[in-house]
Amino acid sequence: MRVDRPPPGEEWSHGEITEPRLAASLILLRDAPDGQQVLLVQRTPAQRFMGGAWVFPGGAVHADDADEAAAARRELEEEAGVALGADTELVPYSRWITPVGVKIRFDTWFFAAEAPAEVEVEVDGGECVDFRWITPAGALAAGERDELMLVFPTIKHLERLAETGTVAATLAAARARPVMPVLPKVVPSGERARVLLPGDPGYDDL
């Protein structure tokens, strides 16, 4: 995977390493006739950090959040107007840490959950200005057509979600898979850069 530049609003750091801030995101899923759909929200283009990008609802963990899962629930309700019941299972899905070379860094826990029946989404109009229910494959195709601005972690999550066709299959796979932290490494190359993930050739040499 090659990237032309850091995600919208991000800047490469040329000084001290920034300590990542703890964050949480919620991958909300529902079954539909065309297959499993995921909720993506669009961050307002005016925002400095990832302005205009389509992402999973989420944000930084607050001091009064009980844990990362509680933060993911809160962010979903604040940004998309969706409140999950206390009995809704949040399955740990992944953990991604922003590359060391980026100034604004997060240590983000992603959780997957099934949407309530007859779910209604209402974006807050501040942090998020639009939403879309879409299949993972459809989102990736829209990103290739430049219809949706997708950042690297979202793309990689959509690729994995595309491997499971139903919510039950996605949650079962997540329960069976240990969550290991993913720290991408960026290899600058002129005006372009190459992103390496654990297991990629050359990753351990950096």
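Trainee: Is strand β6 largely enclosed or open, and how many of its seven residues are buried?

Mentor: This is a predicted model, so the answer is computed from predicted atoms. Strand β6 covers residues 91-97. The rest of the structure largely encloses β6, because the buried residues number five of the seven.

Trainee: Which strand pairs with β6 in the antiparallel sense?

Mentor: Look at residues 106-114. Six bridges link that stretch to β6. One of the contacts sets Pro-92 against Phe-111, and Arg-95 has Trp-109 as its bridge partner. The antiparallel partner is β7.

Trainee: Which strand runs parallel to β6, with two bridges between them?

Mentor: Start from Trp-96, which stands opposite Val-182. Val-182 belongs to a strand of residues 181-182. That parallel partner is β9.

Trainee: How many bridges join β2 to β7?

Mentor: These two strands run parallel. Ala-23 has Thr-108 in β7 as its bridge partner. β7 itself is mostly covered, with seven of its nine residues buried. The number of bridges between β2 and β7 is nine.

Trainee: What arc do the buried residues of α4 cover around the axis?

Mentor: Helix α4 spans residues 167-176, and its buried residues are Val-167, Thr-170, Leu-171 and Ala-174. They sit on the same side of α4, because the arc they cover is only 95°. In general, an α-helix has 3.6 residues a turn, so residues three or four places apart point the same way. For α4 the arc is 95°.

Trainee: Which exposed residues lie on the face of α4 turned away from its buried side?

Mentor: The buried residues of α4 pack against β2, β6, β7 and α3. The face turned away from that buried side carries two exposed residues. They are Ala-168 and Ala-176.

Trainee: How far apart are the end C-alpha atoms of α1?

Mentor: Helix α1 has 13 residues, 68-80. At 1.5 Å a residue, α1 should span 18 Å. The model agrees with that expectation, because the end C-alpha atoms are apart by 18 Å.

Trainee: Which residue at the start of α1 has a side-chain oxygen that reaches the backbone nitrogen of Ala-69?

Mentor: The oxygen comes to within 3.2 Å of that nitrogen. At the other end, just after α1, Gly-81 takes a positive phi of about 70°. The residue reaching Ala-69 is Asp-67.

Trainee: Which strands do the buried residues of α1 pack against?

Mentor: The buried residues of α1 include Ala-69, Ala-72, Leu-76 and Ala-80. The packing partners are β2, β3, β5, β7 and β8.

Trainee: Which element gives the most residues to the largest nonpolar core?

Mentor: That core has 29 residues, and Leu-26, Leu-28 and Leu-76 are among those with the most contacts inside it. β2, β3, α1, β7 and β8 each supply at least two of its residues. The top contributor, with five residues, is α1.

Trainee: How many residues are in the second, separate core?

Mentor: This core includes Ala-139, Ala-142, Leu-158 and Leu-171. Leu-171 is also one of the buried residues of α4. The size of the second core is 26 residues.

Trainee: Is Arg-105 buried or exposed, and what is its relative accessible area?

Mentor: Arg-105 is found in the loop between β6 and β7. Its contacts include Ile-17, Glu-19, Ile-97 and Leu-183. Ile-17 is 88 residues away in sequence, yet the C-alpha atoms are 9.4 Å apart. Arg-105 counts as buried because its value is under 20%, at 7%.

Trainee: What is the relative accessible area of Gly-126?

Mentor: Gly-126 sits in the loop between β7 and β8. Gln-42 is 84 residues away in sequence and 11 Å away in space, C-alpha to C-alpha. Gly-126 is partly exposed, with a relative accessible area of 40%.

Conventions: Residues numbered from 1 in each chain as written. Predicted model: local features only at pLDDT ≥ 70, side-chain atom pairs only at ≥ 80, totals over all residues. Heavy atoms only, no water. Buried < 20%, exposed > 50% of the residue type's maximum accessible area, 1.4 Å probe, protein only. Helix = DSSP H or I, 4+ residues; strand = E, 2+ residues; numbered from the N terminus. Pairing = 2+ DSSP bridges. Arc of directions from axis to C-beta. Contact = heavy atoms within 4.5 Å. Expected span 1.5 Å × (residues − 1). Polar contact = N/O pair within 3.5 Å; in protein donor to acceptor, adjacent residues only side chain to side chain. Core = buried A, V, L, I, M, F, W, Y, C linked by side-chain atoms within 4.5 Å.
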